[in-house]
Each structure stands twice: as C-alpha cells, then as structure tokens.
Protein chains: 2
Amino acid sequence: MVDTYYTQEAHGPFALHDIGSLELEEGGTIRNCQLAVATHGTLNAAKDNAILVPTWYSGTSKIMEQAYIGPGRALDPSRYFIIVVNQIGNGLSTSPHNTPFPAGGARFPRVRIGDDVRAQHRLLTQNFGLERLALVVGGSMGAQQTYEWAVRYPDMVRRAAPIAGTAKNTVHDFLFAQTLVEAITSDPAFADGFYAAPGEVHRGLLRHAKLWAVMGWSTEFFQQRRPQALGFSSLDDFITNFMQAYFGPMDPNNLLCMAWKWQHADVSRHTQGDLKQALGRIRAKTFVMPISHDMFFPPADCLAEQRLIPGSEFRPIDCIDGHLGLFGTHADYAGQVDKHLAELLATPA
Amino acid sequence: MVDTYYTQEAHGPFALHDIGSLELEEGGTIRNCQLAVATHGTLNAAKDNAILVPTWYSGTSKIMEQAYIGPGRALDPSRYFIIVVNQIGNGLSTSPHNTPFPAGGARFPRVRIGDDVRAQHRLLTQNFGLERLALVVGGSMGAQQTYEWAVRYPDMVRRAAPIAGTAKNTVHDFLFAQTLVEAITSDPAFADGFYAAPGEVHRGLLRHAKLWAVMGWSTEFFQQRRPQALGFSSLDDFITNFMQAYFGPMDPNNLLCMAWKWQHADVSRHTQGDLKQALGRIRAKTFVMPISHDMFFPPADCLAEQRLIPGSEFRPIDCIDGHLGLFGTHADYAGQVDKHLAELLATPA
C-alpha cells in the first residue's frame with residue numbers, strides 16, 4: 001500500500017526541494033533533506049504575498065489544498081503565493097520510510113518542530129528568496145509549526161493563524177499521543193520498527209485509527225449522527241471505511257516520527273521554559289483559532305496561550321466535529337475559517 | 001495478584017448472598033449466582049430507610065464506602081440502611097475469574113445491566129424483605145443500574161440519583177469502551193481469554209490503564225497539576241503508581257464482562273428503543289448529577305436525558321477531575337454530592 005500511497009498520484013502535484021544536510025536539535029543529521037512542496041498562485045513583484053502552510057500529523061499538502069485553498073477562499077491563489085510544505089516524516093518529505101538503512105526506518109533520527117521550521121526557513125529564504133511571510137497558517141501540528149515560526153523568526157512572520165493547536169503541548173495531549181504510539185508499537189508485527197512491510201502492522205494501525213475516532217471527533221459528533229450525515233451507514237462503517245481506511249495505508253515509522261515531534265512541541269525551549277517570555281516575542285498579528293469541541297487541544301488551553309501573545313485575538317471556530325473538523329467535514333467550518341483569515345489578511349501588519 | 005485482590009482483606013467486609021440461578025437476557029444462565037453485599041446501618045421498623053448503592057466498572061463496595069458513606073455524610077449509616085451490591089463480574093460477586101471451567105473465565109456468559117438489576121431486586125425483596133427503596137444512587141455503571149432500577153421497578157424506587165452516567169449508552173462512549181476492550185484483547189498473552197494467570201496479560205492491562213488516564217480525567221486535571229496535588233511527582237509516577245497500580249491486579253475477563261455490560265446499557269430496551277417512553281416511566285424523584293469535566297458521560301448527554309424524566313432536576317457537580325472525580329479525589333467533590341443527596345433525601349417522594 002505504501003508504494004501507492006506516498007505518491008504524486010495520491011498526494012500531488014508537489015515538487016521535491018533539496019535543502020542540504022539538516023542538523024537536528026536532538027543530535028542527528030538528515031543528509032540531503034528533501035522537502036515536498038506544493039505551491040499555488042504567483043509571487044508578486046513586491047514579494048509580500050507569500051503564505052506558508054505547514055501540515056498536520058498524518059496529513060499532506062493535498063488535504064490543505066482541498067480543505068483550505070482555492071478561488072474565492074481566504075487562501076486564494078489569484079491573490080497569494082501559497083506554499084504548502086510537507087512536514088519531515090509525513091511520507092512525502094524526507095521520512096523514515098523513504099530513507100534507506102541504516103539511517104531510515106526504525107533508525108530515523110528524532111525530529112523536532114524546530115527542525116521543521118528551520119528547514120522551511122532555509123527553503124523559503126534560499127530556494128524561494130523570501131524575506132517576509134504575509135501569513136503562516138496551519139492546523140494541529142501545523143499550528144505547532146506556526147507558533148514556532150512566529151517565536152523563532154518574529155521579523156519574518158507578519159501574521160499567524162494557529163488553528164486547533166498549542167504553542168506548548170499539554171500533558172494531557174502528550175498522554176493521548178502516547179496511547180497512539182503504543183497502539184502501534186504494541187503490535188508484535190511492529191518488531192521494534194523493523195517490519196518488512198507496513199501492512200504487517202495492520203493490527204496496530206487499526207487500533208491507532210480507533211483511538212483517533214474517540215478523541216479526534218467529539219461526543220456530539222456521534223450523538224448528532226454526523227457519521228451518517230457524511231455518508232456512513234453505521235459506526236462500524238465509519239470506523240472501517242473512514243478512520244481505518246484513512247490511516248491504514250500509512251507507514252508506522254512515519255507516524256511515530258510525527259507523534260514524537262507532536263508530543264514534544266514547546267516554544268518555551270527558546271526561553272528556558274518561560275512560555276510567557278517566548279510568546280511575548282511574537283510580533284506577528286495573531287489570531288488564535290481553536291475548535292469549540294476539540295477534545296485534546298481544547299479552547300481553554302488555546303485561550304491561556306493567546307493571552308500571552310501581544311496584540312493577538314481569540315477567534316474560536318464553532319464546530320461539533322471537534323479536532324478532525326480540520327478536514328473540513330462540516331459545512332459550516334470553511335466559512336468560519338475563511339472569515340477569520342480574510343480579516344487577518346486585511347489587517348495591516 | 002488476583003488471589004489477594006478480590007478478597008475480604010482488600011475489599012471487605014462483605015457477605016455473599018446466593019440468589020439462585022439467574023437466567024440472563026442474552027440467553028446464558030449463572031447457576032447459584034452469588035452477590036457480594038456490604039451493608040451499613042440498620043433497617044428501621046417501617047422499612048422505609050433502605051438505600052441501594054450499585055458499583056461502577058472495576059469498582060467494589062469498598063470504594064463506595066470510602067468515598068460516599070459515613071457519619072455526617074448524606075449516606076449516613078446512623079439514619080439509613082445502606083446496601084452496597086457489587087455488580088456481577090466485578091470480582092467479588094459471581095465473576096468470570098471465580099466461576100470454574102467450562103462456565104467461567106473466557107466462557108462466562110454475557111451479562112446485561114438488566115440482569116444485575118433483576119438479581120439485586122431478587123436479593124432485596126427475597127433476602128432482605130424490602131418493598132421500597134428510599135434511594136438508589138450510583139456512579140458511572142452504578143448510574144446505569146440506577147436508571148435501570150427506576151425504569152424497571154418504578155413503584156419500588158422512591159428517589160434516584162444517577163451520577164456521571166446515562167440511561168442509554170452513547171455511541172461515543174461505546175467506542176471508548178471498545179478501545180479499552182481491545183487494549184486487553186490485543187495482548188497475545190490474553191489468548192482469547194484462556195490465560196493461565198491474569199498477570200500474564202500485564203501489557204494489555206497497562207495499556208488499558210493508560211487509556212483510562214486519557215479519558216478518565218480531563219485536560220484541566222493535568223493542566224492544573226492535580227496529579228502532583230494528589231502526591232505524585234510526575235506524569236509517569238501518576239500513570240504507574242495510580243492508574244496502573246489500580247487496574248494492574250484485576251482479572252482481564254472480569255473487566256471484559258463489565259465492559260460489555262457498560263457498552264450495551266440501554267433502558268429503552270423496555271420500550272422498543274423509545275428512550276422518551278422508557279424514561280417517562282420513572283416515578284422516582286430523580287436528580288441527574290453529571291460531573292462538569294466528564295469526557296465520556298458529558299453533562300450535555302445527561303441533560304438531554306434529564307429532560308425526559310418527569311419531575312426530575314439537573315444537578316451537575318463542578319469538578320475538574322472529570323469522570324474519575326467519582327473516586328472523591330477532589331476536596332470539593334464530596335460536599336457537592338452530599339448537598340444534592342441530602343436535599344433529595346429530604347424531598348417527599
């Protein structure tokens with residue numbers, strides 16, 4: 001499955017950019033690091049219409065294109081030069097599954113959100129010649145990268161819109177991600193990551209998908225029969241043909257690379273653990289956009305951080321689909337996101 | 001471990017009452033069904049001061065005694081005759097682990113909430129000679145049994161206080177419980193339930209406990225460092241020495257018996273699936289008492305049911321500890337519960 005999943009046919013078009021060797025915060029090195037990049041629209045002469053969109057756990061540039069970018073949307077390719085960069089480990093950029101032994105697979109080094117953001121910074125400044133970003137916007141782990149961008153490169157980011165994510169991962173969120181990890185690693189077929197083919201770990205992947213179903217949506221999502229509204233006949237049908245069909249073809253080591261990165265996201269690493277000081281560095285005009293029914297990046301956690309960001313605004317999105325409303329599953333979602341993003345983009349910064 | 005866990009030393013004192021053979025709704029039969037019963041206080045001459053307390057998933061009569069019953073509490077043994085009945089499958093009453101082959105262990109029949117309530121009814125009417133109950137009160141699966149009592153025997157139950165539970169299990173809750181089940185059954189040592197000793201399934205039991213940590217408490221519980229307030233030095237310490245220490249000694253087949261029962265709780269089985277009609281049968285004065293931060297029996301689900309119960313009142317308990325606040329971990333919990341229960345007991349019914 002993995003041979004047909006992480007492909008141009010399934011997730012393209014994207015271009016591979018070699019940004020050279022990337023020395024990682026945890027000590028490893030990715031040689032000839034490749035970033036898979038999808039662009040939409042054209043950079044203007046003033047070079048001030050560039051928008052960066054990082055990706056979330058398990059996601060690729062394709063879902064960002066489908067759910068957030070298009071004519072008439074806030075992220076309109078006729079107005080903006082939109083650069084979607086696939087995160088390291090997601091299967092399109094350099095990842096465990098496409099890095100050969102002994103540096104790949106189970107041996108792939110630990111990557112942090114900060115590594116991704118430095119890699120993207122190199123890409124944007126050296127390969128694309130950019131000095132400013134009109135906006136960085138991303139959901140979930142994309143929000144983690146958005147916060148890291150705004151804290152690490154405050155002069156480059158004019159606006160920031162972290163959706164359904166936090167700048168510092170919470171203990172509860174860490175714990176949830178740990179159960180996802182253990183669902184995979186507990187499968188005897190995982191074999192410490194030295195499986196012959198990802199499909200061998202199917203039992204672990206199935207459990208991983210079911211855990212996502214519990215925390216990814218919300219009680220109300222199921223109570224109001226949203227799976228049925230989305231075209232599924234039953235809970236079983238939804239679990240099998242949405243959740244497990246989605247995660248099933250992915251590579252276990254890729255998922256674990258992203259999970260570790262997600263768990264350890266923390267902008268306060270820049271300030272010796274002082275979150276207030278770290279968020280105080282942000283100069284981007286920031287809209288903090290949690291999703292109302294998110295069970296692991298709940299609005300309260302996002303609000304606490306928003307209060308530490310100078311000049312920021314709290315812009316929650318009302319959506320019973322919870323965290324995975326990020327996929328744009330609910331008809332009312334895109335309109336709310338676009339309204340906030342359009343307003344943010346219209347704000348001088 | 002199981003040899004020292006399900007004992008008088010660990011969970012007593014309790015008495016075993018044989019209620020005879022119990023024919024189950026799913027078709028099996030428990031022969032010489034034993035109910036483990038702990039009583040507090042004395043039945044008065046009018047026989048109108050009896051309170052029934054059923055137990056929750058994994059719980060026994062001991063935790064109900066410790067967290068809810070005592071002098072000066074609403075459930076005061078000096079005023080009431082309090083009967084705590086351990087649910088079938090919890091390890092003290094007839095359960096998979098204490099029923100010999102071929103009827104026990106992995107072969108133990110499926111038990112429904114309705115079976116427990118019929119068994120308890122037989123116990124209370126035949127063994128204790130009771131005709132009325134001043135109150136039925138329980139948390140979580142204890143709430144499921146409370147609802148079943150109020151719907152099935154409306155003339156016998158004068159007051160009802162379901163805490164942190166619903167009358168009909170929700171789809172989301174079903175799904176969460178399924179992940180608990182799969183955490184255990186996916187352990188190769190589980191061996192379809194034919195393990196030689198429960199400790200062999202330790203990997204599955206450890207994962208089961210960690211899933212409980214994610215959904216059992218709340219984001220705020222961890223954010224506000226409640227584990228530290230409870231005397232644990234770190235997340236790891238809390239997971240290991242609270243969650244896993246609690247669930248670790250239990251018998252996997254016992255847990256699975258209770259989980260299936262939990263998943264399938266539904267009072268509308270009495271009314272061909274019509275929940276409104278089922279709850280409309282209730283004649284008990286009912287206080288519906290969800291816990292504010294409960295992630296799988298959220299207040300909204302409880303409120304929807306409360307509106308269908310004639311003359312009932314919605315009495316939420318504010319507690320960031322979430323569902324497992326049921327253990328009385330938070331200093332503000334018992335006072336709130338007692339206030340509501342005392343008011344309910346003082347209400348003519």
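**Salt bridges, chain by chain**

Q: Where do Glu65(A) and Lys62(A) sit relative to each other?
A: This is a predicted model, and in it they are three residues apart in helix H3 (residues 61-68) of chain A, so about one helical turn separates them.

Q: OK, and how far apart are the closest N and O atoms of that salt bridge?
A: Glu65(A) and Lys62(A) come to 3.5 Å there.

Q: Is Lys62(A) buried or exposed?
A: Lys62(A) is buried, at 18% relative accessible area, because the cut-off for buried is under 20%. Glu65(A) has 23% and counts as partly exposed.

Q: What about chain B, which side chain does Glu65(B) meet in a salt bridge?
A: Lys62(B), with 3.5 Å from N to O. Both residues lie in helix H3 (residues 61-68) of chain B, three residues apart, about one turn of the helix. Lys62(B) counts as buried at 17%, and Glu65(B) as partly exposed at 24%.

Q: Switching topic: what does Arg226(B) form a salt bridge with?
A: Asp321(B), and the closest N and O atoms are 2.8 Å apart. That pair links distant parts of the chain, 95 residues apart: Arg226(B) is in helix H9 (residues 226-229) of chain B, while Asp321(B) is in the loop between strand S10 (313-314) and helix H14 (333-346) of chain B.

Q: Are Arg226(B) and Asp321(B) buried or exposed?
A: Both are buried.

Q: Which residues are linked in a network of salt bridges?
A: Glu25(A), Glu148(A), Arg152(A) and Arg269(A) are linked that way.

Q: And how many salt bridges over all chains?
A: A search of the whole structure finds 28.

Conventions:
Residues numbered from 1 in each chain as written. Chains lettered and ligands numbered in written order. Predicted model: local features only at pLDDT ≥ 70, side-chain atom pairs only at ≥ 80, totals over all residues. Heavy atoms only, no water. Salt bridge = Lys/Arg side-chain N within 4 Å of Asp/Glu carboxyl O. Helix = DSSP H or I, 4+ residues; strand = E, 2+ residues; numbered from the N terminus. Buried < 20%, exposed > 50% of the residue type's maximum accessible area, 1.4 Å probe, protein only.
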